[in-house]
Amino acid sequence: QVQLLESGGGLVQAGDSLRLSCASSARTLSSYVVGWFRQAPGKEREFVAAIRWSSRNTYYSDSVKGRFTISRDNSKNTVYLQMNVLTPEDTAVYYCASGNRLILSTIRTSSAYDYWGQGTQVTVSS
């Protein structure tokens, strides 16, 4: 079974940066998409960013576009989420997920992904 492990979360002040990592227990197939989702207390899980493994095409939610950057390192089998200019609105548990052969219309949909990590907490104070 493919296992995903997030790391890099923590407590920071508004305006600070964090880099989250998502390591896979197996090599990621070229046809896979890896995404980041987040869930704040009392809110639904929402899409943050995604990357196609082979092409490195990236996708972002409007709320993080220009501040967050998703990337991958094939040699380390790891996806990163660089988060800059953090605000309290970014406070949430962040999850990484992977899915195979996702079409464009489903990349932002959590139900399209097959594997999920356990999540890492990001807390941004004012």
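I take strands to be DSSP runs of E with at least two residues, numbered from the N terminus. With that settled, I looked up Ala40 and found it in the loop between E4 and E5. A reminder to myself before going on: this is a predicted model.

**Entry 1: Ala40.** Which residues does Ala40 touch, once those up to four places away in sequence are set aside? I found Thr91 and Ala92.

**Entry 2: the whole chain.** I went through the elements next and noted 11 strands and 0 helices. Read from the N terminus, the order is β-β-β-β-β-β-β-β-β-β-β. I then checked the radius of gyration, which is 13 Å; the globule rule gives 14 Å for 126 residues, so the chain is as compact as a globular protein of that length. Along the principal axes, the C-alpha atoms fill a box of roughly 40 × 30 × 25 Å. I also looked at contacts with a separation of 6 or more, and 57% of them join residues 24 or more positions apart.

Entry 3: Of the 126 residues, 44% count as buried. The chain exposes about 6600 Å², and carbon and sulfur atoms supply 46% of that. For charges, I noted 13 positive and 9 negative side chains, with the centres of the two sets 10 Å apart.

Entry 4: In soluble globular proteins, nonpolar side chains tend to be buried together. I went looking for such groups here. The largest nonpolar core has 25 residues, and Trp36, Leu81, Met83 and Tyr94 touch the most other members. Several strands each supply at least two residues of this core, among them E3 (18-24), E4 (32-39), E8 (78-83) and E9 (92-100). I also found a second, separate core of 9 residues, including Phe47, Tyr59, Ala97 and Ile107.

Beyond its neighbours within four places in sequence, Leu81 is in contact with residues including Leu18, Leu20, Trp36, Val48, Phe68, Ile70 and Tyr94.

**Entry 5: Ser21.** My last stop was Ser21, in strand E3. Is Ser21 buried or exposed? Its relative accessible area is 17%, so I wrote it down as buried, the cut-off being under 20%. Leaving out residues up to four places away in sequence, I listed what Ser21 touches: Leu5, Glu6, Ser7, Trp36, Thr78, Val79 and Tyr80.

How values were computed:
Residues are numbered from 1 along each chain as its sequence is written. This is a predicted model: local features need pLDDT of at least 70, side-chain atom pairs count only at pLDDT 80 or more; totals for chains, interfaces and linings use all residues. Side-chain values use heavy atoms; hydrogens and water are left out. A nonpolar core is a set of buried Ala, Val, Leu, Ile, Met, Phe, Trp, Tyr and Cys residues joined through side-chain atoms within 4.5 Å. Buried means under 20% relative accessible area, exposed over 50%, partly exposed in between (1.4 Å probe, protein chains only). Helices (H or I, at least four residues) and strands (E, at least two) are DSSP runs, numbered from the N terminus. Contact means heavy atoms within 4.5 Å. The radius of gyration is taken over C-alpha atoms; the globule rule is 2.2 Å times the number of residues to the power 0.38. Accessible areas come from the Shrake-Rupley method with a 1.4 Å probe; for residues, only the protein chains shown count as cover. Lys and Arg count as positive and Asp and Glu as negative; His and the chain ends are not counted. The place of a charge is taken as NZ of Lys, CZ of Arg, CG of Asp or CD of Glu.
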